[in-house]
Amino acid sequence: MNHFIIVAIGEDKPGIVAKVTEILFKNGFNIEDSSMTRLNNEFTIMLIVKGDKSLEHLKQEFSQLEKEGLTIIIKEVSENVINKPRKKLPIFNIAVYGSDKPGIVYKVSKLLADKGINISDLRTEKVNSLYIMFIESEFPEEVDILEFNREIEKLKQELDVDIEIENVETAEL
């Protein structure tokens, strides 16, 4: 079986998800992971799919949607990447609120990267002049939470934003 990541981007309108998933269904692909969202007036789909068709076949199947105005990117993903074990790490949600200004995403993500904290999901939205960012992150056990909180306090002052951090208790499935 082959794994692919598929990205589809186009002007938001009803039916985009149905058109993309119809092609996958008709070609015997299973959706294993997905993220789909509207960004301003554009809609973005990101999928990991599994099936027995080739990359070339999949590109051909999606060519009609490209003619209809969707941008489609398809990349084959190796079994090594798909099956790479992931260590279960403590999950923290981070919420940032403040006046919109350049550098908020960069400076928060840089602090996380410097601490070895992985971002598993990040969403932003601007409502008038209010900038909102939500991050789901995986904290390595060696992160000193007290030191991290001190650095967050400095960053709050520097950016003039409010930053809230919440540990998420996860259930084992």
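This is a predicted model: local features need pLDDT of at least 70, side-chain atom pairs count only at pLDDT 80 or more; totals for chains, interfaces and linings use all residues.
**Exercise 1**

Task: Work out where Asn-27 sits, whether it is buried or exposed, and which residues it touches.

Solution: 
- Start with the chain: Asn-27 is in the loop that links helix H1 (16-26) to strand E2 (30-39).
- Next, check the surface. Asn-27 has a relative accessible area of 8%, and buried means under 20%, so Asn-27 counts as buried.
- Then look for its partners. Setting aside residues up to four places away in sequence, Asn-27 touches Lys-53, His-57 and Glu-61.

**Exercise 2**

Task: Find out which strands pair with strand E3 (residues 42-51), and how many of its residues are buried.

Solution: 
- Take E1 (residues 2-11) to begin with: it runs antiparallel to E3, with 10 bridges joining the two. Val-7, for instance, stands opposite Met-46 in E3.
- Now E2: nine bridges join it to E3, again antiparallel. Here Arg-38 faces Phe-43 in E3.

**Exercise 3**

Task: Place Tyr-97 in the fold and say how far Tyr-97 is from Glu-56 in space.

Solution: 
- Tyr-97 belongs to strand E5 (residues 91-99).
- With a relative accessible area of 29%, Tyr-97 is partly exposed.
- Beyond its neighbours within four places in sequence, its contacts include Leu-130, Phe-134 and Val-161.
- Tyr-97 and Glu-56 are 41 residues apart in sequence, and their C-alpha atoms are 44 Å apart in space.

Technical notes:
Residues are numbered from 1 along each chain as its sequence is written. Side-chain values use heavy atoms; hydrogens and water are left out. Helices (H or I, at least four residues) and strands (E, at least two) are DSSP runs, numbered from the N terminus. Buried means under 20% relative accessible area, exposed over 50%, partly exposed in between (1.4 Å probe, protein chains only). Contact means heavy atoms within 4.5 Å. Two strands pair if DSSP finds at least two bridges between them.
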